[in-house]
Amino acid sequence: MNRYYWILGGFAALVALLAIGLGLNPRDVPSPLVGKPAPTFNLPILATPDKTFGPGDLQGKVWLLNVWASWCVSCRAEHPILVDFSKKVDVPLIGLNYKEVRGDGGFDMNKMSPEEEKKLAFQRANTWLKQHGDPYKLTVMDLDGRVGIDYGVYGVPETYVIDKAGVIRMKHTGPINPDVLGNKIMPLLAELNK
Amino acid sequence: MKLRSLSLAFVFATFLGSTAAIASSTTEAALAADPVAEKRLQSLSEELRCLVCQNQNIADSNAELAQDLRREIRGMIQAGKTDKEIIDFMVTRYGDFVLYRPPVKGITLLLWGGPIALLLLGLFALQRYLRQRARRMAEDRPLSAAETGRADALLNEGDTK
């Protein structure tokens, strides 16, 4: 009789282990960038393409970097939350438009010149923000995704919290939901702005 | 009718698959002039996990990001970077998770040691079981005369009734 309890116990332990494993989010890969300085970049601004922006421009401020693209379906889900956030909270929200044209998958990039890509990307990004509202202080355009690689972007949308010293303090992969915003991002922002 | 639409779908899928393969091979072939560099790219990207489709490596995956990363690795090979520098580049951005063979350290100890620990546990259990069985078998002695008599009495009880 005793040994059957052992087997049952072992089975229960296995079920518990698998249940925990199923509950974890495989996309939630810990970013090695948390605690490191935000990688620098210099990218054209969507509203003023002849001007550029880099993380150094916000030195001394706590700010958010949100990676988005018009082809990204989950971005649409989180966008109203960002619009609402930008109206209520006085923290600069910077948009990083990631591979607006290349990431879409609907274009043959071999047949498109860099100028055409740039024009189309700016046009698409502007249209999207007009349609869904623009929560960003400004958006920079990462056409080829090179800056995205430096930030370890692997699934749009992604959001980074960057502190006054320019260090990444948090990374959230996937759409922001009210829970993440209220229970993780807002407390962190309050703490960093103290 | 159903069979026909099925086979049509199959033909269509094969066609799509083959055109996609041709498209990606021509773009990659244009970049791949140096066979030595290409071999390094291949072996490096087989060691790296694609974060979009996590059970594929960068060499096998056709995800956008895997293509970008292959391009990035190719650029670094051309720039004369060592394999270690290239692997470090990936790890600083995506963490140990990109490595199919993560380094042994605190957080990965269970990962590396787990199978060995389970094996040892199994061997221990097996040894215990075998010892117990040997002891039980040693205790298996023939019945004494009194016990045989009692067993016979019990067995015959049913017959008399």
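In this predicted model, a right-handed β-α-β unit is made by strand 3, helix 2 (residues 73–88) and strand 4 of chain A. The two strands of the unit, strand 3 and strand 4 (residues 93–98) of chain A, pair in the parallel sense over five bridges. Within this pairing, Leu65(A) has Ile94(A) of strand 4 as its bridge partner.

The unit belongs to an open sheet of five strands in chain A with the order 5-4-3-6-7 and mixed pairing. Strand 5 (138–142) and strand 7 (168–173) of chain A are at the edges with a single partner strand each, so one side of each has no neighbour in the sheet. On average, neighbouring strands of this sheet are turned by 20° against each other, direction ignored.

| Strand pair (chain A) | Sense | Bridges |
|---|---|---|
| Strand 3 and strand 4 | parallel | five bridges |
| Strand 3 and strand 6 | antiparallel | five bridges |
| Strand 6 and strand 7 | antiparallel | five bridges |

Strand 6 of chain A covers residues 158–162. Ile162(A) in strand 6 stands opposite Trp63(A), while Thr159(A) has His172(A) of strand 7 as its bridge partner. Helix 5 (residues 178–192) of chain A lies across strand 6 and strand 7, and runs at about 165° to strand 7.

Strand 3 (residues 63–68) of chain A is mostly covered, with six of its six residues buried. In a regular strand, side chains alternate between the two faces of the sheet. Trp63(A), Leu65(A) and Val67(A) point one way from strand 3, whereas Leu64(A), Asn66(A) and Trp68(A) point the other way, and all are buried.

The largest nonpolar core has 55 residues, of which Val156(A) and Tyr160(A) touch the most other members. Leaving aside residues up to four places away in sequence, Tyr160(A) touches Ala38(A), Leu64(A), Leu65(A), Tyr151(A), Ile168(A) and Lys171(A). In soluble globular proteins, nonpolar side chains tend to be buried together.

Chain B has six helices and zero strands, and its pattern along the sequence is α-α-α-α-α-α. Of its 161 residues, 13% count as buried. Among contacts in chain B between residues at least 6 apart in sequence, those joining residues at least 24 apart make up 39%.

Between the two chains, 13 residues of chain A are in contact with 14 residues of chain B. The side of chain A that touches chain B consists of six nonpolar, six polar and one charged residues.

Conventions: Residues are numbered from 1 along each chain as its sequence is written. Chains are lettered from A and ligands numbered from 1 in the order in which they are written. This is a predicted model: local features need pLDDT of at least 70, side-chain atom pairs count only at pLDDT 80 or more; totals for chains, interfaces and linings use all residues. Two residues are in contact if their C-beta atoms, placed from the backbone, lie within 7 Å. Ala, Val, Leu, Ile, Met, Phe, Trp, Tyr, Cys and Pro count as nonpolar, Asp, Glu, Lys and Arg as charged, and the others, Gly among them, as polar. A nonpolar core is a set of buried Ala, Val, Leu, Ile, Met, Phe, Trp, Tyr and Cys residues joined through C-beta atoms within 7 Å. A residue is buried if 20 or more other C-beta atoms lie within 10 Å of its own, exposed if 12 or fewer, and partly exposed in between; C-beta atoms are placed from the backbone. Helices (H or I, at least four residues) and strands (E, at least two) are DSSP runs, numbered from the N terminus. Two strands pair if DSSP finds at least two bridges between them. A crossover is right-handed if, with the strands pointing away from the viewer, the path from the first strand over the helix to the second runs clockwise. Axes are lines fitted to C-alpha atoms, for helices over the stretch in contact, and angles run from 0 to 180 degrees between N-to-C directions.
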